[in-house]
Amino acid sequence: MAHAATSEEAIPGSNVTGRHKVTLFKKYLWLHYYAFSGTTNFFGRRITRVGWLVGFGFASLCVMAVDTKISMAYRVIFFLALALCSGPFLALCSRSKFAVARTMPRFGSVGSELVYTVRVGNLSKRFQRGIAVLENLPDPRPTVKEFSLTPEPNEEKRNFWDRRYLFYRWKWLLRQRIHARLEESPCADLEPEGSVEVRMKLTPVRRGLMRLDNVFIACPDPTGMFRSLVRVPCHHGLLILPKRYPVGLLALPGSQTYQQGGVALASQVGESEEFVSLRDYRPGDPMKKIHWPSCARTGRPIVKEFVDEFFVRHGLVLDTFTENPFSEVFEEAVSVAASFACTIEEQDSLLDLLVIGPQAFTCTVGRGVGTLEKMLEVLASVKACQDKPFSTLENLVISHGSELSGCLCVFLEWNEDRQRFVRKLQQMQVPVKVVVMVAAGEKNGLPPGVMVDDLENFHVIPVDEVAERLRTLT
């Protein structure tokens, strides 16, 4: 069993007040739910539909054969019992050996079906029929600490027994930890030492890095009621990108500003200016600007002439400060930020992603600097921040404020800290567009605060209306 926390220990980011503690009764519940879930999964993958049908028939006949003088069903029970007992034994005695190799892309996206292939090789001397291929996803069962200290949203509205025995909390935590939906794929008959490609389908449901360490090959027993699972190691890492929504023709605030060092400085340290022409040397010109090939050709000193560069550079600020690590509002905020990031390809500007996770992240894309893929990788891996104050993000953005033409902020709340941050940007003459994510049904009653004089750049988006609101956002 997992290591148990003390009675006052809490998961970072959880609302641990009063009943949200690790208790002996919660350890007892966790142990039973953990064992029940593992047992259900074990038998669910090893018993076929025929096996479940025969088992149901066996149970029904046992009821009918209580009185052997009235019913002759007990004679059939013997043969069914023999089949039910021999099937698992035959499945366990299988000595099949396989080799597998996946061919899949580097990235997937939440909600988008991913199709890839797995090549299965038969390493045994036996002909393999009726086998199937299953992916072995990471175990979604929560630890005792997570189960005890992470309440289900609106759990306080459930009845006494549900709050006492926490079964719905267990089911909710399981759903939060499942990375993808997938089905087993049937495999064509395999000749001895032969191989075949199997087409697999996987639909990611959560962003982040998904580890695929094993593949199961399901081999049925001769009765067709049970099957053995042959575990074949096959390590693969798949980065699941956030869900993206279509965004309307978005006019981001701000205008061109002077960028010391030009575009080159957006991705590396150093100074660079925009080259425009060659001209004759003038007293005082630095030696590093002399263009030596032209000097050799003309016989007089020629220097390179540069001009300072002005261009549009926006900041995309993502608020990660939430107490709930499984917040739906936070996940949709990440998707909104990813959707905005994808619009940079349609605009001749730079976009700086500014976000706080375990550490401060800044990522720049646009105008040949960086790649959108890199920014989406950062957003795919970002996590809720519970151990730092909001001022950490505020300081990061303010330090870049002089370089920004405008700022697009995606907030999880609209409290005094966020409004003070926006007020500082306004005082620095940085135009701001604010998007506040709220729970479903809470779009009304949120005052604009410091954005009262700029309502066209203040948007409140409920999580159940994200696609519609972003499509019409201008």
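Visitor: How are H1 and H6 oriented to each other?

Guide: This is a predicted model, in which local features need pLDDT of at least 70 and side-chain atom pairs count only at pLDDT 80 or more, while totals for chains, interfaces and linings use all residues. Residues are numbered from 1 along each chain as its sequence is written, and side-chain values use heavy atoms, with hydrogens and water left out.

Helix H1 spans residues 24-46 and helix H6 residues 167-177; helices (H or I, at least four residues) and strands (E, at least two) are DSSP runs, numbered from the N terminus. Their axes cross at roughly 55° and come within 11 Å. Such axes are lines fitted to C-alpha atoms, for helices over the stretch in contact, with angles from 0 to 180 degrees between N-to-C directions. H1 and H6 are therefore oblique to each other, since angles under 35 degrees count as roughly parallel, over 145 as roughly antiparallel, 65 to 115 as roughly perpendicular and the rest as oblique.

The crossing of H1 with H6 is right-handed, that is, the near helix is turned clockwise from the far one by less than a right angle. H1 contributes Lys26, Trp30, Tyr33, Tyr34 and Ser37 to the contact (heavy atoms within 4.5 Å), and H6 contributes Phe167, Arg169, Trp170 and Leu174. By class, six of these residues are nonpolar, one is polar and two are charged; Ala, Val, Leu, Ile, Met, Phe, Trp, Tyr, Cys and Pro count as nonpolar, Asp, Glu, Lys and Arg as charged, and the others, Gly among them, as polar.

Elsewhere, helix H11 (residues 416-427) contains glutamine 426, which is in contact with Val450 and Met451, leaving aside its neighbours within four places in sequence.
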